[in-house]
Amino acid sequence: MQSLTIVTPDDWHLHFRDNEMLAETVPATARCFQRAIVMPNLVPPVVNAEMAMAYKSRIEAARPEGSTFEPLMTLFLTNTTTPQDIVDAKTAGVTACKLYPAGATTNSDAAVKGIKALYPVFQAMQEQGLLLLIHGEVTEHHIDIFDREKAFIDTHLSHIVDAFPDLKVVFEHITTADAAEFVSGANDKVGATITPQHLLLNRNDLLVGGVRPHNYCLPVLKRNTHQKALQDMVASGNPKFFLGTDSAPHAKHKKENACGCAGCYSAWSAIELYAEIFDQLGVIDKLEGFASLYGPDFYGLPRNTTTTTLIKEPWQVPDQVTLADGTDMVPFYAGQTLQWKLESAFQNA
């Protein structure tokens, strides 16, 4: 197969950051995705409807001229979030709320301590029809970083799903066979996103031959057996699993640092990266479901009506991109050759 045309895809999990970053990150995503679920872990975090709508306006202002890209906004849950905040968010048009255990990832220090205290908020979300998006890792220091996803399932996620059977829950950026098994076996209100880095790489790609900071993300890359479990799940065409890049831009000097920050900036090659792995797995025909159909179906939103075409033509991911203020960023897979290239997007079907 030398050409593939699919329904225009969406990204169900990414980070745009804010201010000067938006002029880079929004066009990078809007080049091929119609919609994206926008993470709220700014500084300060997006904790109410007013902040979410103001952030949405800043994102829309950064869209390329003529773009119809639609940001889907989320709230950052804290221990001070109230059921009324959820009602207000739903009224304003917020799509979902994000649960970060405190300290689990970038800019999450203000997040939740004591998840059970949020059960009244989860009840309000269930009643209002707002989705719960979860960064599923415990943060206790005595638990090994490679075991934190499994521990979260056992300690928290299984109980949330049991307590709120009508609450739609997205287990974000899953990294383990345990998570894949949990989601596939849960009720139909539970889904998951999978990133390109967790399909393409394992912890050898982070650690062998020296630490590779631009492959460092949270949740951290796991052993190859977990990578294989994720690959098998997307190859199966299970509709509970869909595209979420977790594209997360950081300045080059903040990644290449004695205490480098977590995140892979994959937006400039996102759909091509997924095409790469689906082709390697011999299931390029399954890409459309994963990238374009299963996400909107799970969220209860209409599928896109335009199409995107990829062609099999080698191209090289840029070594770096430079922001308007001169800040350099290194994209995920920098300098590497991909076999699939975006030819056209947003074509009338």
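1. A salt bridge is counted here when a side-chain nitrogen of Lys or Arg lies within 4 Å of a carboxyl oxygen of Asp or Glu. The model is a predicted one, and under that rule it has nine salt bridges.

2. One of these joins R31 to E272, with 2.7 Å between the closest N and O atoms. R31 sits in the loop between α1 (22–30) and β3 (35–38), while E272 belongs to helix α11, so the pair links distant parts of the chain, 241 residues apart. Buried or exposed: which applies to R31 and to E272? R31 is buried, with a relative accessible area of 17%, and E272 is buried as well, at 2%.

3. K312 and D279 form another salt bridge, 2.8 Å from N to O. This pair also links distant parts of the chain: K312 is in strand β11 (residues 306–316) and D279 is in helix α11, 33 residues apart. K312 is partly exposed, at 33% relative accessible area. D279 is likewise partly exposed, at 25%.

4. A local case is the salt bridge between the side chains of D232 and K228, at 3.0 Å from N to O. Both residues lie in helix α9, four residues apart, or about one turn of the helix. As a general point, an α-helix has 3.6 residues a turn, so residues three or four places apart point the same way. D232 is partly exposed, with a relative accessible area of 39%, and K228 is partly exposed too, at 43%.

5. As for its setting, K222 is found in the loop between α8 (204–207) and α9 (224–236). Leaving out residues up to four places away in sequence, K222 touches I145, F146, T175, T176, N202 and R203.

6. The largest nonpolar core has 90 residues, and within it L77, F122, M125 and L132 touch the most other members. Helix α11 (residues 270–280) supplies the largest share of this core, seven residues. There is also a second, separate core of 16 residues, which includes W12, F76, Y294 and Y299. In general terms, nonpolar side chains tend to be buried together in soluble globular proteins.

7. Helix α4 (residues 119–128) has Y119, V121, F122, A124, M125 and Q126 buried. Of these, F122 and M125 are also named among the core residues that touch the most other members. Which elements cover the buried residues of α4? They include α3 (83–92), β6 (96–99), β7 (131–134) and α5 (148–163). Just after α4, G129 takes a positive phi of about 80 degrees.

8. A179 is located in helix α6 (residues 177–185). A179 counts as buried because its relative accessible area is 0%. Not counting residues up to four places away in sequence, A179 touches E149, I153, F171 and I174. One of these, I153, is 26 residues from A179 in sequence, with the two C-alpha atoms 7.5 Å apart.

9. The structure has zero disulfides. C217 is buried, at 2% relative accessibility. C259 is in no disulfide either, and the nearest cysteine sulfur, that of C261, is 8.7 Å away. C259 is exposed, with a relative accessible area of 68%.

Key: Residues numbered from 1 in each chain as written. Predicted model: local features only at pLDDT ≥ 70, side-chain atom pairs only at ≥ 80, totals over all residues. Heavy atoms only, no water. Helix = DSSP H or I, 4+ residues; strand = E, 2+ residues; numbered from the N terminus. Contact = heavy atoms within 4.5 Å. Core = buried A, V, L, I, M, F, W, Y, C linked by side-chain atoms within 4.5 Å. Buried < 20%, exposed > 50% of the residue type's maximum accessible area, 1.4 Å probe, protein only. Disulfide = S-S within 2.5 Å.
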